[in-house]
Amino acid sequence: MTILQEAKEQLNKASSVGETEELRVKILGKKGKLTEILRSMGSMSPEERKEFGKMANSVRSEIESLLDEKFTEMKERQKAAKFKEERIDVTEPGIKISLGSKHPITITIDEISKVFMSMGYSIAEGPEVETVFNNFDALNAGKNHPSRDLSDTFYITDDTLLRTQTSPVQVRTLMKQKPPIKVISPGRCFRCDTPDATHSPMFHQVEGLLVDEGVTMADLKGTLDSFAKKMFGSKTKTKFRPHHFPFTEPSAEMDVSCFKCGGAGCRVCKGSGWIEILGCGMVHPNVLKVGNVDTEKYTGFAFGMGVERIAMLKYEVDDIRLFYENDMRFIKQFK
Ligand code: DAH
């Protein structure tokens with residue numbers, strides 16, 4: 001078989017750039033077949049050499065151009081394969097990432113906080129494990145106050161407990177800050193309650209405390225009325241009923257006109273037209289004294305509201321336990 005024929009056959013079989021390069025070396029390289037033949041020309045007569053050389057050169061250039069063609073073809077093929085491999089279908093739908101949503105209790109706390117922040121309040125925080133002193137004594141709760149009972153409060157030791165209210169943050173703030181004081185404090189509270197539709201041993205409150213010179217009950221009523229209008233709608237009316245808390249004097253509970261029926265009476269307000277929303281009052285001098293506040297110069301008001309209760313009324317959730325079951329079908333409805 002002639003070198004040219006052999007080269008053609010082998011080139012036909014080559015299927016990659018690498019294989020083509022191997023062939024080039026084998027045929028045209030220093031130790032290649034053609035080179036070998038050209039070398040053997042030394043022993044030929046001048047005429048023979050002329051004739052043979054001409055032939056060998058034309059074979060060589062033919063093989064070179066065949067190699068060139070093959071290289072081009074193989075490179076094209078390589079490129080096409082790479083394109084195919086790396087091709088992305090931009091119309092293919094992406095992988096769906098399911099986004100979480102805020103818990104209704106968090107949404108409610110955020111809403112309450114936003115209203116008070118717009119009135120210049122800042123957020124104070126306190127621990128869920130509290131001292132008996134901060135949770136009861138400093139808040140003027142008598143030694144025999146029923147809420148101290150073992151059956152109502154989770155005690156950890158004789159003088160530590162899981163706070164039963166966010167009110168101890170009032171004490172912490174008064175001991176840390178000088179008036180003027182203007183804070184709210186959202187957080188978790190705990191009481192020994194058997195869970196049912198309206199009770200949970202863990203729940204949330206938002207506490208509020210304002211202490212300054214010349215603060216009166218009128219400031220308390222104005223502030224909370226304005227909160228109610230921002231939270232439940234501008235037509236909301238408020239009503240203050242006398243009540244008793246150890247840490248305020250006088251104390252009151254605030255009702256808002258039903259935001260579902262506007263006061264006519266419905267399922268949400270149980271036909272009364274009013275909904276009880278929070279406890280409040282003028283801070284008792286005994287509480288102010290714990291923070292060494294000059295009670296001749298300063299007065300203040302405080303309030304506390306149950307977050308679950310507000311969320312239940314607002315979203316018409318009829319069982320508090322739904323908030324803690326982590327059922328996504330429930331939680332996702334509050335986006
Ligand atoms: N701590 C009270 C409770 O858990 C709520 C409360 C009432 C807080 C009156 C206050 C307040 O700050 O002034 O029932």
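Domain bounds here come from an automatic or database domain assignment. On that basis, the chain holds domain 1 (2–85) and domain 2 (104–334). The model is predicted: local features need pLDDT of at least 70, side-chain atom pairs count only at pLDDT 80 or more, and totals for chains, interfaces and linings use all residues. Residues are numbered from 1 along each chain as its sequence is written, and side-chain values use heavy atoms, with hydrogens and water left out.

- The centres of domain 1 and domain 2, taken over C-alpha atoms, are separated by 93 Å.
- Helices (H or I, at least four residues) and strands (E, at least two) are DSSP runs, numbered from the N terminus.
- Helix α1 (residues 3–13) and helix α4 (residues 46–86) have axes that come within 10 Å and cross at roughly 5 degrees; axes are lines fitted to C-alpha atoms, for helices over the stretch in contact, and angles run from 0 to 180 degrees between N-to-C directions.
- α1 and α4 are therefore roughly parallel to each other, a term for angles under 35 degrees.
- On the α1 side, the contact (heavy atoms within 4.5 Å) involves I3, L4, A7, K8, L11 and N12, and on the α4 side V59, E62, I63, L66, L67 and K70.
- These residues divide into eight nonpolar, one polar and three charged, where Ala, Val, Leu, Ile, Met, Phe, Trp, Tyr, Cys and Pro count as nonpolar, Asp, Glu, Lys and Arg as charged, and the others, Gly among them, as polar.

**Helix α10**

**Two buried loop residues**

- S167 lies in the loop between β3 (160–162) and α7 (168–176) and is buried, with a relative accessible area of 3%.
- The side chains of S167 and E207 are joined by a polar contact of 2.9 Å; such a contact is a pair of N or O atoms within 3.5 Å, and within protein one must be able to donate a hydrogen and the other to accept it, while residues adjacent in sequence count only if both atoms are side-chain atoms.
- Not counting residues up to four places away in sequence, S167 touches L139, E207 and F247.
- D319, in the loop between α10 and α11 (328–331), is buried at a relative accessible area of 17%.
- The side chain of D319 makes a polar contact of 2.8 Å with the side chain of R321.
- Leaving aside neighbours within four places in sequence, D319 is in contact with D196, A197 and M312.

Technical notes. Angles under 35 degrees count as roughly parallel, over 145 as roughly antiparallel, 65 to 115 as roughly perpendicular and the rest as oblique. Buried means under 20% relative accessible area, exposed over 50%, partly exposed in between (1.4 Å probe, protein chains only).
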